[in-house]
Each structure stands twice: as structure tokens, then as C-alpha cells.
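Me: I have a structure open and would like to go through it piece by piece. Can you help me read it?

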Amino acid sequence: MRVEIQPVMLTWARERSRLDLAYFDRHFPKLDQWESGDAHPTFKQLESFAKATHTPVGFLFLAEPPTEVVPIPDFRTVADATVRRPSPDLLDTVYLCQQRQDWYRDFARSAGDDRLRFVGSVRVGDDIVRSAGVIRKVLGFDLDARAQLPTWTEALRRFIEQADRLGILVMVSGVVGSNTRRKLNPQEFRGFALADDLAPLVFINGGDSKAAQMFTLAHELAHIWLGESALSDAQASAAPAQVVERWCNQVAAELLVPLAAFRAAHEPGSELRAELDRLARRFKVSTLVILRRMHDSGSLVGATYWEAYEHELARLREVAKGAGGDFYRSVGARASKRFARAVVTSALEGRSSFTEAFRLLGFKKMSTFDQLGRTLGVLF
């Protein structure tokens, strides 16, 4: 049975998917004919095409492409121009996090949890040093203790745990849900914040480097303290046009590397490469953040700063990404340990069905549930 649809919808879905043409040549060899209107797919072929492009099949029967927007303020820019079209991967990730946040909000409300007073406790334009100091104190973010941690990975894990203890759901993943074939592109977005005084949520693109994730988490926490949801492309070098993003970047840099502490540790006469590596290890941040603080302190300015930044950015892009870790620990990171513990506990107590728990956590087997519960310390 052939289905007549508007050819423009097939073109829209193909472009929206961001898959390369070779993929369509292999899996949908008649797509050119479908898009030109010279032939029509069967309903089964249309379903396969919708699944491959991550498009709701009903969209393909529309007369013209819908306008899709991210359901939270979108502050991403490329050369200060707003990014117009979100990918299906980005949209599905935001929708999934919103569903998880809604569930956790109801869970927290039924448990009688108090509202989190730090959410919305600062304002854009507040003093940068003071605001960063407030966030650092509430988190228990100790610079000297961080300096003793062996790796960026351990420093990031500690940072996430500090936010988790406050009641913030921190989700770190490089894929959509648990689908390892749908990898998230850090060039499209690095993170987002969903502000809420019962269930604040931060998502970090795990496809980025650990050191870069550190800055993203700090940036998104600034959004939580502002009480404002936002999709961001947090970068240490940027001075975004949007006032909110510029303020969050400044607070993030001050939170991670206080300028006073940086000036005390920095040796401006040292060789740049050695100094970058030394200070990055000292503060457990990306060398890009250190470069930014060199700029802020006045030791690296103008064209010299930008040349060094671009060179370091290119070098970091050549660094290979590490392999994934233990599956059950990864589930906790992707869905947030706080959220995962709540879902497992709710299912065990009969307040939620196991079917709902599997859907929220992204797996289908009871054995996986049991092992996750043991890993999280909920089951023994």
C-alpha cells in the first residue's frame, strides 16, 4: 500500500536527522524518487524512515514542516548568531529530562521535601565574586581539597556529588537516553538547566571532555541559583551577547578558579605550556579555563590570548575520548544517582510500577533493575 505524502516532509525529516547521505543511499535507495514525487513509499517504508530519522510518523503527514523550538530559553550561539534548528537528539534529550523532572517533583512533594531556598536566590547583575562565593559555600566546594584529587574525572565526580547532596538532579550522558547509537554532539550544545525549587535539574553533555564538563556544570548551576531554565553552549572563552549567559560564564569561572587564588598561584614568567598544565592540575579545570583566567588577570591579553586559545582548543580536539565505564554506574550518572535511587525506591515500595521505573531509567530487564539497586545501595 503506497502512501501519498508531501515530498517536502521527507526532505525536512532527512535534513532534520543530520544523517549523512550515504546512510540514506544504503537504507532508503528510493528516497530521491520519494522526495521528487516520482514514487511513493509504502506505509511500512514510511515507518522505517520515521524511525531512522527519529521523526514522529504523524509529522510526515503534515502539509508543511512544523516549526520546532526547544521548550526552554535557548542561549546557544555561533558567532553570536542564535542557533535556529535543534536536532532530534537535542529535543528528545530535553523532553526526557522534563519527564524525569516532573516525576521527581511529584516524588519529592509526596515525600514532604522542603523547597530548596537557594534556587532563585541570586539575580543577574549581582556581584560576581560574592555570587560565586555563595554557591561555593552552599556546595561545600573546597579548593584545597580539590587540588588533592588525582584526576579531573574524580574532581568532576566530587562536584556532581556535592550538587546531588543539595537536591540537584545532575544527569551526565553522551547519548540520547540509553541509546548508544544516538550520540550527542557537544558542538550543538554542552548542557542545560531546568530550574525548579523542588526538582532542579542539570544536564551535561557527556560527549565533551571531563574538564570541559566541569565548566558546563558550574555554568548550569549558576542558572539554577538564578532560578532560570536555559539551554547553553557554555565555553570559558566566550563573552556572550546575552547578559544572562555572560553573567553565568563569569560566575562559573570565579566558582572554579577564584581570581584572587589564581593570582596567588600563577607565575606569569613561566613557559605557557607548563604553566597551563600545572594550573589546570591545581584547580582541576580545563586548560581553556586557565587561559581565560590568565586573560582576566591581565597576564595574557589581546591577539596573544586568542591565538593561544585557538591553539589549545585545536590541541584538545585531537585528544582521544576515553571508553565508557561500568554499565550500572553509567546508568546512575545518565539519570542522576538521586533520581535513580528515588525511582528504584518508589518501585520497591509499590508507589510506582516496575514498567514505569524501566521507562524512566532506560532499560527493560528486572536483573538490570536489581543490579542497579545494589550499585546504588538501595538493595542489599
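**Two helices in contact**

Reply: This is a predicted model. A place to begin is a helix pair: Leu272, Arg273, Glu275, Leu276, Asp277, Leu279, Ala280 and Phe283 in α12 meet Thr287, Ile290, Leu291 and Met294 in α13.

Me: What kinds of residues make up that contact, by class?

Reply: The contact of α12 with α13 has eight nonpolar residues, one polar and three charged.

Me: And at what angle do α12 and α13 pack?

Reply: About 110°, with the axes 9 Å apart. Helix α12 covers residues 272-283 and helix α13 covers residues 287-297. Angles of 65 to 115 degrees count as roughly perpendicular, so that is the word for α12 and α13.

Me: Take Thr287, then. Is it buried or exposed?

Reply: Threonine 287, which sits in helix α13, has a relative accessible area of 2%. The cut-off for buried is under 20%, so threonine 287 is buried.

Me: What does it touch?

Reply: Leaving out residues up to four places away in sequence, threonine 287 touches Arg273, Leu276, Asp277, Ala280, Glu312, Arg315 and Leu316. Among these, Arg273, Leu276, Asp277 and Ala280 belong to the α12 side of the helix contact.

Me: OK, new topic. What is the strand order in the four-stranded sheet?

Reply: The order is β3-β7-β6-β8, in an open sheet with mixed pairing. β3 (169-173) and β8 (230-232) are the edge strands, each pairing on one side only. On average, neighbouring strands in this sheet are turned by 10° against each other, direction ignored.

Me: How do β6 and β7 pair?

Reply: In the antiparallel sense, over four bridges. β6 is residues 191-194 and β7 is residues 201-205. The link from β6 to β7 is a hairpin through six residues.

Me: Which residue in β7 is the bridge partner of phenylalanine 192?

Reply: Phenylalanine 203. Glycine 191, for its part, stands opposite isoleucine 204 in β7.

Me: How many bridges join β6 to β8?

Reply: Three, and β6 and β8 run antiparallel. Glycine 191 comes up again here: its bridge partner in β8 is serine 232.

Me: Which residues of β6 are on which side?

Reply: Gly191 and Ala193 are on one side, and Phe192 and Leu194 are on the other. All of these are buried, which leaves both faces of β6 covered. As background, side chains in a regular strand alternate between the two faces of the sheet.

Me: Which helix lies across those strands?

Reply: Helix α5, residues 88-110, lies across β3, β6, β7 and β8. Helix α5 runs at about 30° to β6.

Me: What about Leu217, where is that?

Reply: Leucine 217 is in helix α9, residues 210-226. Its relative accessible area is 0%, so leucine 217 is buried.

Me: What are its contacts?

Reply: Not counting residues up to four places away in sequence, leucine 217 touches Leu156, Phe159, Ile160, Val170, Val202 and Ile204. Take Ile160 as one of them: leucine 217 and isoleucine 160 are 57 residues apart in sequence, while their C-alpha atoms are 8.1 Å apart in space.

Me: Now Val243: how accessible is that one?

Reply: Valine 243 lies in helix α10, residues 243-256. Its relative accessibility is 49%, so valine 243 counts as partly exposed; a residue has to be over 50% to count as exposed.

Me: Back towards the start of the chain. Why is α1 called largely enclosed?

Reply: Because eight of the 11 residues in helix α1 (residues 7-17) are buried. The buried ones are Met9, Leu10, Thr11, Trp12, Ala13, Arg14, Arg16 and Ser17.

Me: What covers them?

Reply: The cover includes α2 (21-27), α3 (31-36), α4 (43-52) and α5. Helix α5 is also the helix that lies across the sheet strands β3, β6, β7 and β8.

Me: What follows α1?

Reply: Arginine 18, with a positive phi near 65°.

Me: Last bit, the overall picture. How many helices and strands are there?

Reply: The protein has 18 helices and eight strands. Of its 380 residues, 49% count as buried.

Me: And the radius of gyration?

Reply: It is 23 Å; a compact globule with 380 residues would be near 21 Å, so the protein agrees with that. Along the principal axes, the C-alpha atoms fill a box of roughly 75 × 55 × 35 Å.

How values were computed: Residues numbered from 1 in each chain as written. Predicted model: local features only at pLDDT ≥ 70, side-chain atom pairs only at ≥ 80, totals over all residues. Heavy atoms only, no water. Axes fitted to C-alpha atoms, helices over the stretch in contact; angles between N-to-C directions. Parallel < 35°, antiparallel > 145°, perpendicular 65-115°, else oblique. Contact = heavy atoms within 4.5 Å. Nonpolar A, V, L, I, M, F, W, Y, C, P; charged D, E, K, R; others polar. Pairing = 2+ DSSP bridges. Buried < 20%, exposed > 50% of the residue type's maximum accessible area, 1.4 Å probe, protein only. Rg over C-alpha atoms; globule rule 2.2 N^0.38 Å.
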